[in-house]
Amino acid sequence: MTAVHSTRMLVLGSGPAGLSAAIYGARAGLSPVVVQGIQPGGQLTTTTDVENYPGFREVIQGPWLMEEMQAQAEHVGARMLWDTITGVDLSERPFKVTGDSGATYVCDTLVIATGAQARWLGLDSEERLKGQGVSACATCDGFFYRGKKVAVIGGGNTAVEEALYLTNHSHDVTIVHRRDSFRAEKILQERLFAHHGITVLWNKEVAEFVAGEGTAGLVALDLKDTVTGEHSRLDVEGGFVAIGHHPATELFRGTGLTLDKDNYIAVRPGTSLTNIPGVFACGDVMDKVYRQAITAAGTGCMAALDAERFLQAADFPVPEDEAAGHPIDVAVEHAG
């Protein structure tokens, strides 16, 4: 028999945003159901040392932090279900969501916390050295490379911003870019070129991340010239892949939900409200700027509070202009 789960608040995703929404939703008496998705716990489950999450004086482990957040959510009344969502119907309330398990989820409010994934180069050596010299987040891991030589791979806004940030920790930052010009905004390029601690290597791509003899850590990049094909070596202890992120929003295309030009879910500034009343977004699926566990958790709290207020107001007549949808004051594209 196909299972049907009904709830006042359904949360899609179980990273810091989704679990924070679940905690606040449960404390508000909404009995939230959390569909954990393909990666329960989110990206922090693949992160070892976490040094910047408030409340812990010592370094903590990402998987442990997510286990504690899940346990807290369950303790206050949230229900965790392991499933992968394959279909979403946002045409009317209650919303209907279907899972790969065959289960149907019926909800009065929907909190989308499906996150975003960093784009990687796809090299075997990159996979082997993740967390051992190779990273996709300078803000998260730059502190571990104080005084060390590091490289940033990429040529867009993300790469330039990461390189500028890393100068807070390293006096020797190199940007490796496969073209002869950046795609980053002009003002960011001006800041980068004016910084004496940053070197740019043009027309170079990473052929391999090189591990040291007798150690698992990164010691160099094997670079291939995109014009001549020649190889060269760049000695570094940290390599930061900065070629963008991919928000997990494919599921919502064609549902009427509004996405921005980069396919992140568009929300009303300062809130978690989407263009569909009763649907809220939080975490990296709507945040392309900060992408931190603490900011994801904060927006998860916002989503739960917004959902609670929406449900309270639903007991009263809704003005026609509001019932038609929430205005989104950003440049957006319609996901249809």
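User: Between which two strands is the loop in which Pro94 lies?

Analyst: This is a predicted model, in which local features need pLDDT of at least 70 and side-chain atom pairs count only at pLDDT 80 or more, while totals for chains, interfaces and linings use all residues. Residues are numbered from 1 along each chain as its sequence is written, and side-chain values use heavy atoms, with hydrogens and water left out. Helices (H or I, at least four residues) and strands (E, at least two) are DSSP runs numbered from the N terminus. On this numbering, the loop that holds Pro94 lies between strand 6 (85-89) and strand 7 (95-99).

User: Does Ser31 count as buried or exposed?

Analyst: Ser31 is found in the loop between helix 1 and strand 2 (33-35), and its phi is positive, about 45°, although the residue is not a glycine. Buried means under 20% relative accessible area, exposed over 50% and partly exposed in between, with a 1.4 Å probe and protein chains only. Because its relative accessibility is 51%, Ser31 counts as exposed.

User: What is the relative accessible area of Arg291?

Analyst: Arg291, in the loop between strand 20 (279-281) and helix 7 (293-313), is a residue other than glycine with a positive phi near 55°. Arg291 is buried, and its relative accessible area is 19%.

User: Are helix 1 and helix 2 roughly parallel or roughly antiparallel to each other?

Analyst: Two packed helices are described by the angle between their axes and the distance between the axes. Axes here are lines fitted to C-alpha atoms, for helices over the stretch in contact, and angles run from 0 to 180 degrees between N-to-C directions. The axes of helix 1 (residues 16-27) and helix 2 (residues 62-75) come within 9 Å and cross at roughly 25°. Angles under 35 degrees count as roughly parallel, over 145 as roughly antiparallel, 65 to 115 as roughly perpendicular and the rest as oblique, and therefore helix 1 and helix 2 are roughly parallel.

User: How many charged residues are in the contact of helix 1 with helix 2?

Analyst: Contact means heavy atoms within 4.5 Å, and on that basis Pro16, Leu19, Ser20, Ala22 and Ile23 of helix 1 meet Met66, Met69, Gln70, Gln72 and Ala73 of helix 2. Ala, Val, Leu, Ile, Met, Phe, Trp, Tyr, Cys and Pro count as nonpolar, Asp, Glu, Lys and Arg as charged, and the others, Gly among them, as polar. This contact has seven nonpolar residues, three polar residues and no charged residues.

User: Which residues of helix 6 make the contact with helix 5?

Analyst: Helix 5 (residues 157-166) and helix 6 (residues 186-193) pack at an angle of about 35°, with their axes 10 Å apart. Helix 5 contributes Asn157, Val160, Glu161, Ala163 and Leu164 to the contact, and the residues from helix 6 are Leu188, Arg191 and Leu192.

User: How many of the ten residues of helix 5 are buried?

Analyst: The buried residues of helix 5 are Thr158, Ala159, Val160, Glu162, Ala163, Leu164 and Leu166. They pack against several elements, including helix 4 (138-141), helix 6 and strand 17 (238-241). Helix 5 is mostly covered, and the number of its ten residues that are buried is seven.

User: What is the relative accessibility of Glu161?

Analyst: Glu161 is found in helix 5, and its C-alpha atom is separated by 28 Å from that of Arg57, 104 residues apart along the chain. Glu161 counts as partly exposed, because its relative accessibility is 43%.
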